[in-house]
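Please examine the sequence and coordinates below before reading on.

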Amino acid sequence: MRTSRRRLAALAAVAALALSVAACSSSGGKQEQQQSSGGGGGVNVADTPRYKIAMITHEAPGDTFWDLIRKGAQSASAKDNIQLVYSNDPQAPKQADLIQSAIDSKVDAIATTLPNPGALTPAVKKAVDAGIPVVEFNAGVNDWKDTGALMYFGQDESVAGEAAGARLAEDGARHVLCVVQEQGQVQLEARCAGVEKGFSGGTTTKLYVNGRNMPSVQSDIQAKLAQDKSVDSVITLGAPFALAAVQSAKDAGSSAKIVTFDTNAQLVSAVEAGDVQWAIDQQPYLQGYEAIDSLWLYLTNGNNLGGGETVLTGPSFIDQSNIKTVAEYAKRGTR
């Protein structure tokens with residue numbers, strides 16, 4: 001674990017360095033007109049050729065986590081003179097179809113998530129074989145190299161899960177309920193497995209819910225907490241589900257504490273209020289930004305971040321010790 005954390009910190013620094021490199025690259029040379037669209041806030045647009053980049057994710061409707069991914073991607077696109085084409089589908093075969101559509105439309109590059117490597121790897125390899133550079137982010141940390149992708153931006157979900165499990169043990173938890181909103185997605189399964197590995201001296205139970213139906217999520221968690229009073233902690237794998245769990249616990253008359261992976265503006269407020277104890281932040285804005293900016297750097301200067309290894313953007317904990325700082329960024333829509 002100590003080696004993994006040391007490696008995590010080193011590689012996370014690469015992501016921060018990338019932001020600095022990108023900023024220097026965009027400020028050098030001729031500066032062109034201001035661009036008002038694409039989420040860039042009127043930043044100077046790079047004078048490099050205008051490239052078309054497709055970003056394809058497994059975003060499910062209503063999951064506000066992806067708003068941060070998209071905002072980061074839009075900011076980089078605005079700065080880098082990129083035409084960003086965003087599409088998403090939570091079903092792996094349909095996400096593969098979206099990758100094929102991007103290939104057919106002859107985009108200059110693709111940034112994609114890899115939640116189901118078995119279903120998506122063939123489509124990614126088709127893009128690579130067609131000469132389209134691909135980077136991956138957010139999901140697929142253990143499989144991205146097999147697809148032929150150039151780079152990967154995200155957190156090691158197993159390491160993040162172990163850190164969460166260890167913290168739950170430190171908090172005195174005895175029975176942890178891990179809520180999974182989408183069965184079969186590798187990054188979610190790795191999180192729960194990591195929690196179980198890192199959690200000592202107690203019991204973990206997994207609960208699968210339908211993450212595309214929030215009322216159902218809330219009722220399923222409520223039913224579980226009402227049925228099993230020994231559950232004293234609930235860990236969800238996304239911010240909207242943590243907020244649902246807060247209400248579920250109240251409705252079930254449960255005193256279980258709620259913690260979560262990932263954040264959004266509402267989740268930050270819940271941590272401020274003490275309704276959610278803490279959250280693990282993988283910095284989705286940074287993932288979206290770097291996915292696009294790294295492709296721009298590759299297309300315009302042949303750069304490749306990470307030296308063939310994962311560029312880590314997390315995990316880090318958000319709790320009462322740092323929530324005031326994070327809340328300021330959340331108001332801007334970037335955390």
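What is the handedness of the link of Cys178 and Cys192? It is left-handed, with -95 degrees about the S-S bond.

## Basis of the model

The model is predicted: local features need pLDDT of at least 70, side-chain atom pairs count only at pLDDT 80 or more, and totals for chains, interfaces and linings use all residues. Residues are numbered from 1 along each chain as its sequence is written, and side-chain values use heavy atoms, with hydrogens and water left out.

## The disulfide

The structure holds 1 disulfide (a pair of cysteine sulfur atoms within 2.5 Å). The S to S distance between Cys178 and Cys192 is 1.9 Å. Cys178 belongs to strand E6 (residues 175-180) and Cys192 to helix H6 (residues 186-198), so the bond ties together parts that are 14 residues apart in sequence. Helices (H or I, at least four residues) and strands (E, at least two) are DSSP runs, numbered from the N terminus. Both Cys178 and Cys192 are buried, a term that denotes under 20% relative accessible area, with exposed meaning over 50% and partly exposed in between (1.4 Å probe, protein chains only).

Two strands pair if DSSP finds at least two bridges between them.

Strand E8 (residues 233-236) pairs in the parallel sense with E6 over 4 bridges, and Val179 has Thr236 of E8 as its bridge partner. Another 4 bridges join E8 to strand E9 (residues 257-261), again in parallel, with Val234 opposite Ile258 in E9. Strand E10 (residues 279-281) and E12 instead pair in the antiparallel sense over 3 bridges, and Asp281 has Ser316 of E12 as its bridge partner.

In a regular strand the side chains alternate between the two faces of the sheet. Strand E8 is covered on both faces: Ser233 and Ile235 are buried on one side, and Val234 and Thr236 on the other.

## The parallel sheet

A further open sheet of 6 strands has the order E2-E1-E3-E4-E5-E11 and parallel pairing. Its edge strands, E2 (82-88) and E11 (311-312), each pair on one side only. Strand E1 (residues 51-57) is joined to E2 by 7 bridges, and the bridge partner of Tyr51 in E2 is Ile82.

Helix H2 (residues 65-80) lies across E1, E2 and strand E4 (134-137), at about 160 degrees to E2. Helix H10 (residues 284-301) lies across E1, E2, strand E3 (109-112), E4 and strand E5 (151-154), at about 145 degrees to E1.

## Nonpolar cores

A nonpolar core is a set of buried Ala, Val, Leu, Ile, Met, Phe, Trp, Tyr and Cys residues joined through side-chain atoms within 4.5 Å. The largest one has 30 residues, and Leu225, Val234 and Ile258 have the most contacts inside it. Two or more residues come from each of E6, helix H7 (214-227), helix H8 (239-252), helix H9 (265-273) and helix H11 (323-331), with H8 giving the most, 8 residues. A second, separate core of 25 residues includes Ala109, Phe137, Ala291 and Ile292.

Beyond its neighbours within four places in sequence, Val234 is in contact (heavy atoms within 4.5 Å) with residues including Leu177, Val179, Leu225 and Ile258.

The buried residues of H11 are Ile323, Val326, Ala327 and Ala330. They cover an arc of only 105 degrees around the axis, which puts them on the same side of H11; the arc is that of the directions from the helix axis to the C-beta atoms. Their cover includes H9 and E12. Just after H11, Gly333 takes a positive phi of about 80 degrees.

Glu272 lies in helix H9 and counts as partly exposed, at 40% relative accessibility. Leaving aside its neighbours within four places in sequence, Glu272 is in contact with Gln320, Ile323 and Ala327. Glu272 and Asn322 are 50 residues apart in sequence, and their C-alpha atoms are 9.8 Å apart in space.

Methods:
Axes are lines fitted to C-alpha atoms, for helices over the stretch in contact, and angles run from 0 to 180 degrees between N-to-C directions.
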